[in-house]
Amino acid sequence: MVTFKTTIQKFGSQGEKTGWNHILIPAAIAQKLKPNNKKSFRVEGKLDETTIEKVALLPMGGGNFIMPLNTTLRKKIHKRKGDVLQVQLEEDKRTLEISAEFMECLHDEPQALKHFMKLPPSHRSYYSKWIESAKTEQTKAKRIALAVNALSKGGDFGEMIRMEKQNRKTL
């Protein structure tokens with residue numbers, strides 16, 4: 001486990017990350033967490049006294065990473081931009097569980113399964129959480145069908161959602 005102090009920062013103009021609150025994970029610390037890695041990965045540990053798990057670190061180039069701090073997490077730690085934070089981190093090696101029904105359907109569509117398995121674990125998790133959050137079996141079945149269809153065409157989660165919204169508007 002690595003321990004360090006850092007200051008919460010906020011991106012000004014940074015493309016899709018504009019306005020994000022985050023902490024910087026310098027390359028030297030990232031290398032201690034997961035040596036020779038340049039891709040996003042998950043960590044667990046503590047921010048001050050608040051326990052965290054399955055939080056993604058995102059690569060920023062030069063070996064540095066950031067940990068985005070969403071509103072929910074910032075409220076838990078009672079901190080904002082400019083505040084100092086005591087950080088304890090280690091790689092979170094637990095695997096993300098994927099909906100069994102969804103995986104069963106993906107195995108019936110090899111092209112969709114192949115594309116799905118190429119996605120980063122966090123993206124696979126989006127699909128699974130979205131499917132499992134359905135309140136009815138009918139909605140769950142519809143979501144599985146949408147996901148398998150999008151994946152078989154090489155699409156991603158965002159494209160699938162936009163297409164579904166567009167289809168609802170034309171009906």
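1. Helices are DSSP runs of H or I with at least four residues, strands are E runs of at least two, and both are numbered from the N terminus. β4 (41-47), β5 (50-61), α2 (71-77) and α5 each supply at least two residues of the lining of the largest pocket. β5 gives the largest share, 9 residues.

2. On provenance: this is a predicted model, where local features need pLDDT of at least 70, side-chain atom pairs count only at pLDDT 80 or more, and totals for chains, interfaces and linings use all residues. Residues are numbered from 1 along each chain as its sequence is written, and side-chain values use heavy atoms, without hydrogens and water.

3. The largest pocket has a volume of about 1300 Å³. A pocket here is an open set of points on a 1 Å grid over the protein atoms alone, where a 1.4 Å probe fits, with protein on both sides within 12 Å along at least five of seven lines; lining residues have an atom within 4 Å of a point. The lining counts 40 residues, and Arg42, Lys54, Val55, Ala56 and Ser122 lie nearest the centre. By class, 15 are nonpolar, 12 polar and 13 charged.

4. The second largest pocket holds about 230 Å³. α6 (137-152) and α7 (157-170) each supply at least two lining residues. α7 gives the most, 5 residues. The lining includes Leu146, Lys153, Met160 and Asn167.

5. Serine 125 sits in helix α5 (residues 121-132). Serine 125 counts as buried because its relative accessibility is 5%, where buried means under 20% relative accessible area (1.4 Å probe, protein chains only). Leaving out residues up to four places away in sequence, serine 125 touches Leu96 and Ile98, with contact meaning heavy atoms within 4.5 Å.

Definitions and conventions:
Buried < 20%, exposed > 50% of the residue type's maximum accessible area, 1.4 Å probe, protein only. Points joined across faces, edges and corners; volume = space filled by probe spheres on them. Nonpolar A, V, L, I, M, F, W, Y, C, P; charged D, E, K, R; others polar.
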